[in-house]
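I opened the model to look up its pockets and what lines them. These are my notes.

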Amino acid sequence: MKAPTEDEVLSDRAHEASDLSMAPEEMLSLAHAASEIVVDRIRELSADPAWRGASRAELEPLLREPPPEEGRPPLEVMRRAVRDVLPVAARVDHPRFFAFVPSCPTWPGVLADYLASGFNIFQGTWLGSGGPSQLELVVTEWFREWLGYPEGAGGLFTSGGSAASLDALVAAREHAGAPERPAVLMSDQSHSALERAARIVGVRPEAVIKVASDERFRIRLDELERAIDGARHKGLTPVAVCANAGATNTGAVDPLDEMAELCAREGVWLHVDAAYGGFAVITERGRTLFKGIERADSVTLDAHKWLFQPFEAGCLMVRDVRRLEGAFSVHPEYLQDTELGMEHVNFGDRGLQLSRSFRALKVWMSVQTFGLAAFRRAVGRGIELADRAAGYVRESEVLEMLSPPSLGVICFRFRPRGSTLDEPALEALNANVQERIISEGVAMMSSTRLKGTYALRLCIMNHRTTWSDVWDTLQAIERIGRNVAGARG
């Protein structure tokens with residue numbers, strides 16, 4: 001090939017600067033502005049409502065436009081995002097956000113995501129990310145020890161519980177020999193992610209078998225045993241049983257030890273969904289509640305919930321990590337350079353993602369910064385606040401408990417003692433209460449149904465939430481409930 005001429009070299013140098021680059025001074029100025037915006041948001045968060053929404057009809061004219069052919073000033077672009085986009089969302093880190101399963105990330109966790117993005121880490125192979133891969137091994141080893149798993153257990157970080165559940169059921173299916181007619185059994189209180197994962201791995205909807213729960217919303221072992229037998233009589237092969245270690249509805253924990261015994265006897269993979277509640281295992285109370293979790297074949301954990309990390313920080317832990325690698329490992333020619341030996345883990349061989357971000361850094365930086373004892377106290381505080389809230393409800397003349405407090409969750413409703421309102425009227429009343437609690441900016445709270453009964457639900461997991469936040473919300477529920485009931489006559 002002919003060497004470039006002097007004119008060609010000069011022309012190349014004239015175009016060396018990328019159209020997509022910025023000067024270091026401008027980069028630092030924008031980063032500083034972004035940091036100020038985020039810190040100001042956190043500082044002022046409790047004074048804002050816990051939720052702000054808008055309809056698509058409102059947002060379309062505000063945001064719908066073709067991409068600009070020429071760029072705009074970057075500070076102007078960022079300010080527009082902060083003004084028109086980012087605030088129109090649930091503030092899941094608000095101290096009075098009690099809906100669904102909230103998340104309140106630590107600042108080191110936020111910075112870790114910034115650093116991981118800035119270093120543009122690709123963590124699918126050891127060759128691509130030796131340091132980050134080693135750190136993920138360190139953090140998953142922490143999780144292994146917390147769960148009480150034996151040597152040889154391991155796992156990987158995922159986007160969240162949905163991806164972790166999918167990875168687990170793929171491993172369970174392969175462990176069972178990839179049968180033609182697989183079945184997965186779970187509680188009627190199980191998260192929808194498990195049903196979705198079962199369908200994705202090839203389980204027909206009718207073979208996703210829901211098992212009845214008891215009055216405490218824990219799976220009934222007698223019904224589970226009958227369901228396993230019934231599935232086999234229909235020609236199905238049970239490949240997994242899914243247990244709850246903190247059901248989303250109520251925080252209920254299934255009898256894990258007894259389920260492990262049953263699954264071992266039946267030769268069925270036991271998967272424990274501990275996505276939100278699992279990190280309670282770092283507390284003494286949680287360890288007692290989760291007795292038997294160390295016998296599960298796999299466990300889902302979400303560090304972006306009760307380990308106080310930014311989204312996304314899910315995790316799947318497996319009692320025998322070789323089951324994951326056997327289910328997912330593929331070796332194409334274009335990755336032959338990444339096969340460095342068994343001691344060098346390629347996390348792309350443990351799950352559905354080859355392109356993976358560096359999620360373990362936020363957990364590591366947060367725990368290194370604050371120490372595990374601080375996390376233990378924060379998790380314990382959420383459990384304590386839910387217990388106190390339950391005590392408030394039990395003493396109230398107008399509130400009724402619908403499930404016992406468990407792992408930061410309580411379910412109840414507005415129902416004055418001696419009330420003669422029927423169920424449809426009570427449902428309409430409580431739905432009105434929930435709507436007004438949100439619209440008046442008191443708090444963000446969600447509802448659910450417990451065996452058909454409409455329930456108000458508080459999930460108390462924010463390390464910044466105080467008893468005053470909970471007490472004020474319960475007081476407002478009583479006040480609004482009385483007003484709504486009075487207006488109804």
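Entry 1. I began with the second largest pocket and asked which element gives the largest share of its lining. That element is β8, with four residues. I note that the model is predicted.

Entry 2. I then looked up the lining as a whole. The second largest pocket is lined by 22 residues. Nearest its centre I found R216, R218, V253, L289 and S406. Two or more lining residues each come from α10 (256-266), α11 (284-289) and β8 (399-406).

Entry 3. I checked residue classes for this second pocket. Its lining has ten nonpolar, five polar and seven charged residues. For the volume of the second largest pocket I recorded about 400 Å³.

Entry 4. I moved to the largest pocket. Its space comes to about 1200 Å³. I counted 29 residues in the lining, and the closest to the centre are I37, V38, R41, L86 and V110. The elements that give two or more residues here are α2 (24-44), α4 (74-84) and α5 (107-118).

Entry 5. Which element gives the most to the lining of the largest pocket? I found that α2 does, with eight residues.

Entry 6. I got 19 nonpolar, four polar and six charged residues.

Entry 7. In the largest pocket the main contributor is α2, and in the second largest pocket it is β8.

Definitions and conventions: Residues numbered from 1 in each chain as written. Predicted model: local features only at pLDDT ≥ 70, side-chain atom pairs only at ≥ 80, totals over all residues. Heavy atoms only, no water. 1 Å grid on protein atoms, 1.4 Å probe; cavity = no way out; pocket = protein on both sides within 12 Å on 5 of 7 lines; lining within 4 Å. Points joined across faces, edges and corners; volume = space filled by probe spheres on them. Nonpolar A, V, L, I, M, F, W, Y, C, P; charged D, E, K, R; others polar.
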